[in-house]
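Have the structure open as you read.

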Amino acid sequence: SLASASPPAVRRLVAWLAMTTPPTPLDLSGDGGCLMTTLREPLPTAARASAGVYATVRFRAALADGTVLHDSWEGEAPPLQVRVGAEPSDAALGWDLALPRMRVGQQVRLECGPSYAYGDAGAPPLIPPSSPVTFELELLSVRDLMSSHNPDEVDFVERYRELVATKERAKAGRATGGRATEGR
């Protein structure tokens, strides 16, 4: 019986059960439309893909019938770099839900209904309308431009801030009917 088993035997049994028990998907969307299953855990100290960072992701995308749309594990396709939390999004909505929950080194499977993949329109001719898509993602690295020491990246951040400020001034000018406001 398990009660009379030695502690090493119990540990081996628990380890075997953990390996043979399929992982439970996490419902990221709350409606069952985007399910994430961890295929490989990250190290506990691995960096998280928080909003605003650039994430480098290796991925595979496939339709429900098994048609592979993209595979950056095979062939010459390079990993993709996306900005986490960007508005508008750099990726499918399912990725927007998954990436902030991921850490570098983690590999997950995302089962995305049409609303969390390419929508009702799809992306013809490759992705038919209203198609569910399964993604496998591996978060390879994250890069935060705001804390970068690379001169080119620091210049990029400053140019981005200037563009945002210019856009806000233009928006404020339209809101006041084009009248000059103080401080500009």
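With a relative accessibility of 16%, aspartate 71 counts as buried (buried means under 20% relative accessible area, exposed over 50%, partly exposed in between, with a 1.4 Å probe and protein chains only). Before going further, a word on what you're looking at: this is a predicted model, in which local features need pLDDT of at least 70 and side-chain atom pairs count only at pLDDT 80 or more, while totals for chains, interfaces and linings use all residues. Residues are numbered from 1 along each chain as its sequence is written, and side-chain values use heavy atoms, with hydrogens and water left out.

**A salt bridge across a hairpin**

Back to aspartate 71: its side chain meets that of arginine 60 in a salt bridge, 2.9 Å from N to O (a salt bridge is a side-chain nitrogen of Lys or Arg within 4 Å of a carboxyl oxygen of Asp or Glu). Aspartate 71 sits in strand E4 and arginine 60 in strand E3, so the pair ties together parts that are eleven residues apart in sequence. Arginine 60 is partly exposed, at 23% relative accessibility.

E3 covers residues 54–63 and E4 residues 68–71, and they pair in the antiparallel sense over three bridges (strands pair if DSSP finds at least two bridges between them). One of the contacts along this pairing has alanine 62 bridged to valine 68 in E4. Together E3 and E4 make a hairpin with four residues between them, and in the turn glycine 66 has a positive phi of about 95°.

**The charged network around glutamate 138**

The structure holds four salt bridges. Which residues are linked in a network of them? Arg40, Arg58 and Glu138 are. Glutamate 138 lies in strand E7, residues 133–143, and is buried, with a relative accessible area of 9%. Its bridge to arginine 40 has the closest N and O atoms 2.5 Å apart. That pair links distant parts of the chain, with glutamate 138 in E7 and arginine 40 in strand E2, 98 residues apart. The bridge between arginine 58 and glutamate 138 comes in at 3.0 Å, N to O, and this one joins strand E3 to strand E7 across 80 residues.

| Residue | Relative accessible area | Class |
|---|---|---|
| Glutamate 138 | 9% | buried |
| Arginine 40 | 35% | partly exposed |
| Arginine 58 | 24% | partly exposed |
| Aspartate 71 | 16% | buried |
| Arginine 60 | 23% | partly exposed |

**The nonpolar core**

In soluble globular proteins, nonpolar side chains tend to be buried together. Here the largest nonpolar core has 28 residues, and Val57, Trp95, Leu99, Leu110, Phe135 and Leu137 touch the most other members (such a core is a set of buried Ala, Val, Leu, Ile, Met, Phe, Trp, Tyr and Cys residues joined through side-chain atoms within 4.5 Å). Strand E2 (34–40), E3, helix H2 (93–98), strand E6 (107–112) and E7 each supply at least two residues, and E3 gives the most, with five.

Take leucine 110 as an example. Leaving aside residues up to four places away in sequence, leucine 110 touches a set that includes Leu28, Cys34, Leu35, Met36, Trp95, Ala98, Val133, Phe135 and Leu137.

Why don't cysteine 34 and cysteine 112 bond? The sulfur of cysteine 34 is 3.9 Å from its closest cysteine sulfur, in cysteine 112, which is too far for a bond (a disulfide is a pair of cysteine sulfur atoms within 2.5 Å). The count of disulfides therefore comes to zero. Both residues are hidden away: cysteine 34 is buried at 0% relative accessibility, and cysteine 112 is buried with a relative accessible area of 3%.

**Stepping back**

Overall, the chain has three helices and seven strands (these are DSSP runs, H or I of at least four residues for helices and E of at least two for strands, numbered from the N terminus). Along the sequence they follow the pattern α-β-β-β-β-β-α-β-β-α. Of the 184 residues, 28% count as buried. Among contacts with a separation of 6 or more, 64% are between residues 24 or more positions apart.

Note on methods. Contact means heavy atoms within 4.5 Å.
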